[in-house]
Amino acid sequence: MRFALVNGLKTEAEKGLTGVCQGCEQPMTPVCGIKKAKHWRHKVDCECDRWWENETEWHRNWKNCFPKEWQEIRHRDSSSNEWHISDVRTNQGHFLEFQHSHLNPDERAARNSFYGEKLVWIVDGVARKSDWQKMEDCLKRSGQLFRDLNLFRLPADVANVSLFNDWNECRVPVFLDFGTDRPLCCLLPKSSKGHFYVVPISRNEFVRLHNGEVISGRSFSDLMLYFAMRIFAWENPEEFAALQKSKEANQIQSPHSLLQITRRYSPGFRMSDLNNLLRPRPAFRRRSRRL
């Protein structure tokens, strides 16, 4: 782990320090070698957070985009009394989990359940060399729904992409990181019609949003809701048109996730508000067309 409690304070590993785990409260010792980044290690084997795994430089680079006070935060489920340490917990209440290595499907499902709708995955899309090439091919053949918005529907044969199959059952957004020279590819939860959609978002904008900035009048949650609203309108044009005409045009019902629109949706959303945030990205740019 990067942090331990030293005299009650969250502290990075340094030679000569002694600390305790902020999770299990067992003694920890600093590891300050040359080859690996400084970190804390339990003095004796113990049953700590079973989801914890060794960090890579990729993990550290992402975590360093956020204040240290937000990193490695212990979270306890009040109903089950189960606890885990999240990579980052933002001031907006989102849990950011950075995943480099392959994750067992059962553990992935357990994490999704534990953190709920506030979970946001950031996945290393180049951990396996073949993933980007296969995903890029699907992205090139994806259909752009609107001329004024970089929102793409993935083709049916995306099911042949291993990376997609690893993450397509998540009911929260999954951001695939294909390197610093490309935007993040946000895989949205499966729609009510069973389709999958992606949105390119720059890492700079992702970090700014999770650091609490409001861009073009939208927070991160607002933005995810906006994408869901546009998908709902695309897949259900008659229902959406009827709702717009009704007295409750500003209340579109949805259950507990981004799969549909919530009752907090307001017709005040304007495409012009998002021009700066969703400007075309070179890696995904293609001639607009309607499906």
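Visitor: Which residue in S14 is the bridge partner of Leu187?
Guide: The bridge partner of Leu187 there is Val198. The model is predicted, with local features needing pLDDT of at least 70 and side-chain atom pairs pLDDT 80 or more, while totals for chains, interfaces and linings use all residues. Residues are numbered from 1 along each chain as its sequence is written, and side-chain values use heavy atoms, without hydrogens and water.

Visitor: In what sense do S13 and S14 pair, and over how many bridges?
Guide: S13 and S14 are paired in the antiparallel sense, with four bridges; strands are DSSP runs of E of at least two residues, helices runs of H or I of at least four, numbered from the N terminus, and pairing needs at least two DSSP bridges.

Visitor: What about S12 and S13?
Guide: S12 and S13 also make an antiparallel pair, over three bridges, and Phe175 stands opposite Cys186 in S13. The two strands form a hairpin with six residues between them, and in its turn Gly179 has a positive phi of about 110°.

Visitor: Which way do the residues of S13 point?
Guide: Leu184 and Cys186 point one way from S13, whereas Cys185 and Leu187 point the other way, and all of them are buried, a word that stands for under 20% relative accessible area, with exposed meaning over 50% and partly exposed in between (1.4 Å probe, protein chains only). In a regular strand, side chains alternate between the two faces of the sheet.

Visitor: And what is the order of the strands in the sheet?
Guide: Nine strands form an open sheet with mixed pairing, in the order S6-S7-S8-S9-S12-S13-S14-S11-S10. Strand S6 (71-76) and strand S10 (143-146) stand at the edges and have a single partner strand each, so one side of each is left without a neighbour in the sheet.

Visitor: Where in that sheet is a parallel pair?
Guide: S8 and strand S9 (residues 119-124) pair in the parallel sense over five bridges, and Gln99 has Val123 in S9 as its bridge partner.

Visitor: Which helix packs on the sheet?
Guide: Helix H6 (residues 220-235) does, touching S9, S10, strand S11 (149-153), strand S12 (174-177), strand S13 (184-187) and strand S14 (197-201). A contact requires heavy atoms within 4.5 Å. The direction of H6 makes about 140° with that of S14, where axes are lines fitted to C-alpha atoms, for helices over the stretch in contact, and angles run from 0 to 180 degrees between N-to-C directions.

Visitor: Switching topic, which residues of helix H5 are buried?
Guide: In helix H5 (residues 203-210), the buried residues include Glu205, Phe206, Val207, Leu209 and His210. Just after H5 comes Gly212, with a positive phi of about 100°.

Visitor: How many helices and strands does the chain have, and what share of the residues is buried?
Guide: The chain has seven helices and 14 strands, and buried residues make up 48% of its 291 residues. Among contacts between residues at least 6 apart in sequence, 57% join residues at least 24 apart.

Visitor: Where does Thr56 sit?
Guide: Thr56 has its place in the loop between strand S5 (39-42) and helix H1 (57-63). With a relative accessible area of 24%, Thr56 is partly exposed. Thr56 and Lys36 are 20 residues apart along the chain, and their C-alpha atoms are separated by 8.9 Å.
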